[in-house]
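Visitor: Please take me through a close look at a single part of this structure. I would be glad to have the cut-offs as we go.

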Amino acid sequence: MRTIFLIGFMGSGKSTVGRLLAERLGVRFIDTDEEIAEKEGKSINEIFAEDGEAYFRELETALLTGLPESNAVVGTGGGVPLKEINRVVMKEKGIAVFLDAPADVILSRLIYDQSRPLLKGDKDKEIRERLSIRMPIYLEIADIRISTSGKTPEEIIGELIACF
Ligand code: S3P
């Protein structure tokens with residue numbers, strides 16, 4: 001099985017769905033944020049605050065480059081597809097599944113979230129602005145697009161597996 005990269009905005013369910021999907025397929029689950037936080041010994045918030053976003057983006061690219069080409073499900077940070085090199089690496093190594101959710105659903109999921117350094121101000125505005133910039137990129141790179149709105153992780157996985 002080629003590596004499956006779950007892409008999409010913050011709060012689209014990549015980690016939850018990815019973990020379950022990997023379990024179902026009997027392969028490894030890798031969450032890029034978790035790997036980075038563990039390697040750096042600090043939270044994503046701390047990395048952004050102390051080292052800057054550019055440094056975090058370098059860590060993301062370095063991590064992606066080292067990932068396996070098979071038998072893994074990867075939950076990517078929402079900003080991963082923004083860099084061309086990352087898109088090239090994901091295409092080379094596997095397939096990209098876009099977990100799609102509208103801005104109001106994302107807002108409802110992240111309204112009390114404190115762990116996203118890019119959502120520290122007016123969350124509604126930040127989500128809408130970033131999502132509109134990112135949407136064409138997510139769509140362009142997606143091999144499969146799944147709408148997650150109103151669905152349970154189980155339903156999403158069922159839909160996804162039916163695509164293979
Ligand atoms: C980011 C998404 C986050 C994390 C960081 C930046 C982004 O991951 O990588 O806060 O730019 O969209 P999730 O998509 O898992 O929330």
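Guide: Happy to! Helices (H or I, at least four residues) and strands (E, at least two) are taken from DSSP runs and numbered from the N terminus. Residue numbers count from 1 along each chain as its sequence is written. The model is predicted, so local features need pLDDT of at least 70 and side-chain atom pairs count only at pLDDT 80 or more, while totals for chains, interfaces and linings use all residues.

Let's start from Ser15, which sits in helix α1 (residues 14–25). An unreviewed UniProt entry annotates Ser15 as "binding site"; such positions follow the numbering used here, with feature names shortened, and annotations may be inferred rather than shown by experiment. Ser15 counts as partly exposed because it has 17 C-beta neighbours inside 10 Å (20 or more other C-beta atoms within 10 Å make a residue buried, 12 or fewer exposed, anything in between partly exposed, with C-beta atoms placed from the backbone). Beyond its neighbours within four places in sequence, Ser15 is in contact with Asp31 and Gly75, contact being C-beta atoms, placed from the backbone, within 7 Å.

Asp31 falls in edge strand β2 (28–31), and Gly75 in β3 (residues 72–75). The open sheet has five strands, ordered β2-β3-β1-β4-β5 with parallel pairing; two strands pair if DSSP finds at least two bridges between them. Its other edge strand is β5 (144–147), and each edge strand pairs on one side only. On average, neighbouring strands are turned by 20° against each other, direction ignored. Here axes are lines fitted to C-alpha atoms, for helices over the stretch in contact, and angles between N-to-C directions run from 0 to 180 degrees. Three bridges link β3 to the parallel strand β1 (residues 3–7), and Phe5 has Val74 as its bridge partner in β3.

Across β2 and β3 lies helix α2 (residues 32–40), at about 70° to β2. Asn71 has a positive phi, near 55°, although it is not glycine. Most residues other than glycine have a negative phi.

In α4 the buried residues are Glu60, Leu63 and Leu64. Seen down the α4 axis, they fall within an arc of 95°, so they line one face of the helix; the arc is that of directions from the helix axis to the C-beta atoms. These buried residues pack against α2 and α5 (84–93), while exposed Ala54, Ala62 and Thr65 are on the face turned away.

Notes
Two residues are in contact if their C-beta atoms, placed from the backbone, lie within 7 Å.
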